[in-house]
Every structure is written in structure tokens, then in C-alpha cells.
Amino acid sequence: MHLQLFAPLIILLLGSTQTHLANSHQESGGWSCEPDLETHIQAEFRPGLVTVDGHADDWSQVDGLELPLLPALDPHEEHQYKGGKMTVKALHDGKDIFFMLQVDGEYAYSKGNNKNCPSVALMFQIGENATYHNMGGCKESPDECTSKTCRGNEVDIMHFSIGNAIPGRIYGGNPIDNGEGNGGDRFGHLVDLYGWTPHCRYLDGLGPSGNDTSAQNNWKGAWWHGSLATHSGFVEEDSPYASSDQKGTYYFEFSRPLRTMDRLQQDAQFTIGQTSKFSAAFWYPVDGNPWHGSGHYSVSCDWLPLDIASSSSGLLGKVAASTSSWDGASAFAVLTSVVAFCISVFVVYWVSRSKAVTFTPIDRL
């Protein structure tokens, strides 16, 4: 990243993580990729189902995809993340889109040190020419990449480094950073960025041609780990919140409006009934060693389609699934009712056709 163009505040927000990511993003050999063309992420219409708090309990009714985590610069199975696959879930409520990422890993947390904690990112295509490989794929050098020279190569990035984030607490867009018109998050480093290449990435609202104070961080998010013993709420003094190396699952939960007020071509815009292009990345301090910027794992070596389902398609699928289990019982009940009704009609008819019984006074017997 060309950090000389950033203000001191932004250097503080992004820290050495972003610098190292850009400087070390070098591939060891030729790029090869064989994506699974059948894999789609389905964001169903499920209003009122989930709360962004880092817990996965309310996602139990949502289907997810288990995807192997392969090194982003060397996507071969023999080098995949040894902790297991990442499960990706998504849904929307007609206004916001929600994501849940689940990945197994021993508990690792070092307050204030992002590189000794897990980290995740989501990336979306903005420009129609933006490639997954090379994070947009603009051909310009870092000194030449601008919104004009790299037009059409824009990607949208959300990056969450948890070194200063309390589990279960919400981070991302906040009044202070949004008031300054950028995509930063000085509290938990859940930042909103855009880019054209790994070496040309900026917080929303900032760039090589100057800053625009109309930008916002539109993301909200939280994290959790299965070894954490309480759901009542942690505070900073509870750090590190659990003992190191405990086995469990990391949960990263996020939300963002389907449409934002971006006018700078720095946010992906989601449309109900259409498909967007998406990917997810994961950093982990393997064997206790700090991760480096380009040493991340990814769920695919190319864009994954993200289908934003309409309310009709989502609900019809649920109705079909739920009705199939009782169709037989319903048919039997209807048949029984019809038979009973016919018998009742016949009895009434038979009684009305029968002769009246002659009354015989008892004193004549």
C-alpha cells in the first residue's frame, strides 16, 4: 500500500499490517486456478432471524457452504489450512445483508497485536473488469493507479483484525470515524476499504487524488470463539477472555446495507434477485507465529457467485420443504372428512324417507 499518501491518523488505523501486506504480496511462481463453477453462496430472504453479536445460535436454520481454505498466493490442497474448512453463511432481510463465517482454530488472542490473532476479510467485485486475482487486477504501477487509470478494476474490501476487539461487541462504522468521512474504525479495526491492486488499497474516502469526506464505513461486525465461557458480556479488563490453545470454532458475523450512499465507486451494491461476486479470506497465527499480510487463506482461487434471493424464491422453497412432510396426512384427513360428510347426508336422507311410527296410548296396551 502506498502509505506515504495517507494521513498520520490512517497510518495509525491500518498499522503495519497493511504496509506489510502490500510489500510482501509476491507470488512464488505462475498463477493457476481451477475454481468450482458449481459453487454458489445463497443469501436467502430471512427477515428477523439473526442478531449481529458473534454468536451462531440464531444461524442454525441457515444452510452454509463448507469451503477449503487454500493459500491465496498458492492455492493448492496440500498447503491448505490444517484447522479445517470455513463455513460461509449469508442471508438478507430486504434492507441489510448478513454474513457468518465459521472456522475451527485453537484460541489465540494477544491484546493490541493483530498479527497474533485471527483475522478475516470479505472482498466483492465493484468494477466490471475487477478480477479476484491481484485484487482488482489493475495493470498500473502503485505510483500510477488512480480512479481514472484503474477505472473498472475496483474491489470492495471489509477487513476485521481482532487484536483490539472485545468478543461479542460490535465494531465497524461509528460516529467518530464516519464523521471524518472515511472507512476507518479506531476502536476495533473493522475497516471498509476499496482497491485496484494489493498495492493500491485505501480506506473509503481516501485516495491518491485526495480525500472525500462523504465516505462512510457501512459495516458492523462481531467475533466469538467456542471456548469463551460467558454470554453475559466481556469488557476490556477481561482480556485475553480465555486460555490460549483451547480447541473450538471462531465465529465472525457481519452486516451491511444492501445499498449504500457511495458515490465514489468504493462500495459494492447488492440487488435482490441478482448475483454479485464474492470471496473471503482468513489469517491465523499458525504454530504461534505472527501472520504476514499476504500469508492468508482464501475460500476460492476465483470469485464465488453470491446470489441475493428474492422473497418469493426464498419463501417458496421453505414452504415446499415444510409442506412435503405433511402432504400425506393432509390428504388422508381431507378424504376422511369427505367420507364422514357423505355418511351424514345419507343418514339424514334415510331418516327423512322412513315411515312415521304410530303412537299407541299406554292405556290401550
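Biologist: Is Asn178 buried or exposed?

Modeller: This is a predicted model, and Asn178 is found in helix H2, residues 175–179. Buried means under 20% relative accessible area. Asn178 has a relative accessible area of 16%, so Asn178 counts as buried.

Biologist: Leaving aside its neighbours within four places in sequence, which residues is Asn178 in contact with?

Modeller: A contact here needs heavy atoms within 4.5 Å. With neighbours within four places in sequence left aside, the residues in contact with Asn178 are Gly173, Ala215, Gln216 and Asn217.

Biologist: Which residues lie nearest the centre of the largest pocket?

Modeller: The largest pocket holds about 460 Å³ of space. Its lining has 22 residues, divided into seven nonpolar, eight polar and seven charged. Nearest the centre of the largest pocket lie Tyr81, Tyr284, Pro285, Val286 and Asp287.

Biologist: How many nonpolar residues are in the lining of the second largest pocket?

Modeller: The second largest pocket has about 380 Å³ of space. It is lined by 16 residues, and Glu34, Pro35, Leu70, Pro75 and Cys301 are the closest to its centre. By class, this lining has four polar residues, three charged and, as asked, nonpolar residues numbering nine.

Biologist: What is the mean pLDDT of the protein?

Modeller: The pLDDT is below 50 over residues 1–24 and also over residues 315–326. Of the protein's residues, 79% reach 70 or more. The mean pLDDT of the protein is 85.

Methods: Residues are numbered from 1 along each chain as its sequence is written. This is a predicted model: local features need pLDDT of at least 70, side-chain atom pairs count only at pLDDT 80 or more; totals for chains, interfaces and linings use all residues. Side-chain values use heavy atoms; hydrogens and water are left out. On a 1 Å grid over the protein atoms alone, a cavity is a set of points where a 1.4 Å probe fits but cannot get out, and a pocket is an open set with protein on both sides within 12 Å along at least five of seven lines; lining residues have an atom within 4 Å of a point. Grid points are joined across faces, edges and corners, and a volume is the space filled by probe spheres set on the points. Ala, Val, Leu, Ile, Met, Phe, Trp, Tyr, Cys and Pro count as nonpolar, Asp, Glu, Lys and Arg as charged, and the others, Gly among them, as polar. Helices (H or I, at least four residues) and strands (E, at least two) are DSSP runs, numbered from the N terminus. Buried means under 20% relative accessible area, exposed over 50%, partly exposed in between (1.4 Å probe, protein chains only). pLDDT is the predictor's confidence in each residue, from 0 to 100.
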